[in-house]
Amino acid sequence: MVVHACICEGAAEEEIMNILLDAKKLKFSREQLLEEKIIRCRMARNFQKRYLGKGFKKSLTILRILDSPNEKFKLDKAYKDKVNVIDVITSPEIEMLIIINEDKYTDFQKYKSKLKPSEYCIEKLGLQNVKNKKFIREYFSDVELLVKAIKKHKSLHKQIKDKKCLADLLNE
């Protein structure tokens, strides 16, 4: 069995991944995750110290869910052949899924140089808690809306070379 470590940058990313896991919409299951949960440990050194240790023998794929394609994650050479790190980019921010779901992508484009997606959601859509796990869980209570927004996000944004996007993780 392939073991995955799913590392999320923030609470919104973590909740979106939990929603997808709970609905069995991903190519992997919660049972295939390290400790069967999403991890919030962004630094390679801390991850390595906490999860890999000296006795780590399994092959592991680390899925890093983050918005910046430039954030580094360098493990020690000892793990080079045991650990595969895959960056899953949600650029410009995970809150773009809300903008897409609200059918406001074109309107957002007018403000994109002035507002980050989270700011647009707050200022233009009046959604105050877009980074809050409870808000995300309630907002995407219909998982099909989330899946649709993820797929549309992929079609609207240029794929970054050697990086994945959330749509690449969907089991459809």
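The legends below describe close-up views of a predicted model, in which local features need pLDDT of at least 70, side-chain atom pairs count only at pLDDT 80 or more, and totals for chains, interfaces and linings use all residues. Residues are numbered from 1 along each chain as its sequence is written, and side-chain values use heavy atoms, with hydrogens and water left out.

**View 1. The largest nonpolar core, with 42 residues.** A nonpolar core is a set of buried Ala, Val, Leu, Ile, Met, Phe, Trp, Tyr and Cys residues joined through side-chain atoms within 4.5 Å, where buried means under 20% relative accessible area, exposed over 50% and partly exposed in between (1.4 Å probe, protein chains only). The residues with the most contacts inside this core are Met17, Leu20, Leu97, Ile98, Leu166 and Leu169. Elements that each supply at least two of its residues include strand 1 (3-8), strand 2 (60-66) and helix 7 (143-156), whereas the largest share, six residues, comes from helix 1; helices (H or I, at least four residues) and strands (E, at least two) are DSSP runs, numbered from the N terminus.

**View 2. The surroundings of methionine 17.** Leaving aside neighbours within four places in sequence, methionine 17 is in contact (heavy atoms within 4.5 Å) with Cys6, Cys8, Leu26, Phe28, Ile38, Ile65, Leu166 and Leu169. A second, separate core of 16 residues includes Ile7, Cys41, Leu75 and Val83.

**View 3. The salt bridge between arginine 137 and aspartate 22.** A salt bridge is a side-chain nitrogen of Lys or Arg within 4 Å of a carboxyl oxygen of Asp or Glu, and by this rule the count comes to 17. In this pair the closest N and O atoms are 3.2 Å apart, and the bridge links helix 6, which holds arginine 137, with helix 1, which holds aspartate 22, across 115 residues. Arginine 137 is partly exposed at 33% relative accessibility, and aspartate 22 is partly exposed at 44%.

**View 4. The salt bridge between aspartate 87 and arginine 64.** The closest N and O atoms are 2.7 Å apart; aspartate 87 lies in strand 3 (residues 83-89) and arginine 64 in strand 2, so the bridge ties together parts that are 23 residues apart in sequence. Aspartate 87 counts as buried at 11% relative accessibility, and arginine 64 is buried at 4%.

**View 5. The salt bridge between lysine 131 and glutamate 95.** Here the closest N and O atoms are 3.3 Å apart, with lysine 131 in the loop between helix 5 and helix 6 and glutamate 95 in the loop between strand 3 and helix 3. Lysine 131 is partly exposed at 47% relative accessibility, whereas glutamate 95 is buried at 3%.
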